[in-house]
Amino acid sequence: MALSRLNEAVEALEDARRGAVARNARPILWTVHRSLGQAYQLLQHKDQARQERATGRQLIEELATAIDDASLRDQFLRAALDSFPQEKPPLPREAARQAFGGLTAREREVAALVAQGKTSREIADLLVVSERTAEGHVSNILGKLGFTSRAQIASWIVERGLTKR
């Protein structure tokens, strides 16, 4: 990474990760995940970077449970976790997207209308958009949530208490 050959660094780190997993070298594995997180962040792959850092932190927590002495455990946790960059909390809009399967506010609104049994034409009229736009929103919702039917969307909305009254 120091030579700015990030793709090569990722490749080498992925090899190191596979090797550490194969040898069950968990004390090394968390540092590999931390470094992969750094490399992915530099490559602007923010989601992958976040996932690598989260995996590294989880490994640290698991390793800490094996340390009987509370003082040593706390010292390990503090030192290891401090070696990771501080995670910035997501902006409210991004937090909402993460909480709701990646759906935008508009897609959540459309999904709630689907849950009410509205057709694409009725949704279009209510939202003052074309029927094609409403259908596009429904299609995006199905794709993001991995569903194949409007009934699944309706069930998902009800399960999360997102129905409009």
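This is a predicted model: local features need pLDDT of at least 70, side-chain atom pairs count only at pLDDT 80 or more; totals for chains, interfaces and linings use all residues.

Student: OK, which side chain does Glu14 meet in a salt bridge?
Tutor: That's Arg17, at 2.8 Å, N to O. Glu14 and Arg17 sit three residues apart in helix 1 (residues 6–22), so about one helical turn separates them. Helices here are DSSP runs (H or I, at least four residues; strands are E, at least two), numbered from the N terminus.

Student: Is Glu14 buried or exposed?
Tutor: Buried, with 14% relative accessibility. The cut-offs are under 20% relative accessible area for buried, over 50% for exposed, and partly exposed in between (1.4 Å probe, protein chains only). Arg17 is partly exposed at 23%.

Student: And what about Asp15, which residue does its side chain meet?
Tutor: Arg18, with an N to O distance of 2.4 Å. Asp15 and Arg18 are both in helix 1, three residues apart, about one turn of the helix. Asp15 is partly exposed at 44%, and Arg18 is partly exposed at 45%.

Student: Which residues are linked in a network?
Tutor: Arg121, Asp125 and Glu131 are, through salt bridges.

Student: Switching to packing: at roughly what angle do the axes of helix 7 and helix 8 cross?
Tutor: Roughly 110 degrees, and the axes of helix 7 (residues 120–127) and helix 8 (residues 131–145) come within 8 Å. That makes helix 7 roughly perpendicular to helix 8; under 35 degrees counts as roughly parallel, over 145 as roughly antiparallel, 65 to 115 as roughly perpendicular and the rest as oblique. The axes are lines fitted to C-alpha atoms, for helices over the stretch in contact, with angles from 0 to 180 degrees between N-to-C directions.

Student: Which residues in helix 7 meet helix 8?
Tutor: Ser120, Arg121, Ile123 and Ala124 do, and on the helix 8 side they meet Glu131, Ala134 and Glu135. Contact means heavy atoms within 4.5 Å.

Key: Residues are numbered from 1 along each chain as its sequence is written. Side-chain values use heavy atoms; hydrogens and water are left out. A salt bridge is a side-chain nitrogen of Lys or Arg within 4 Å of a carboxyl oxygen of Asp or Glu.
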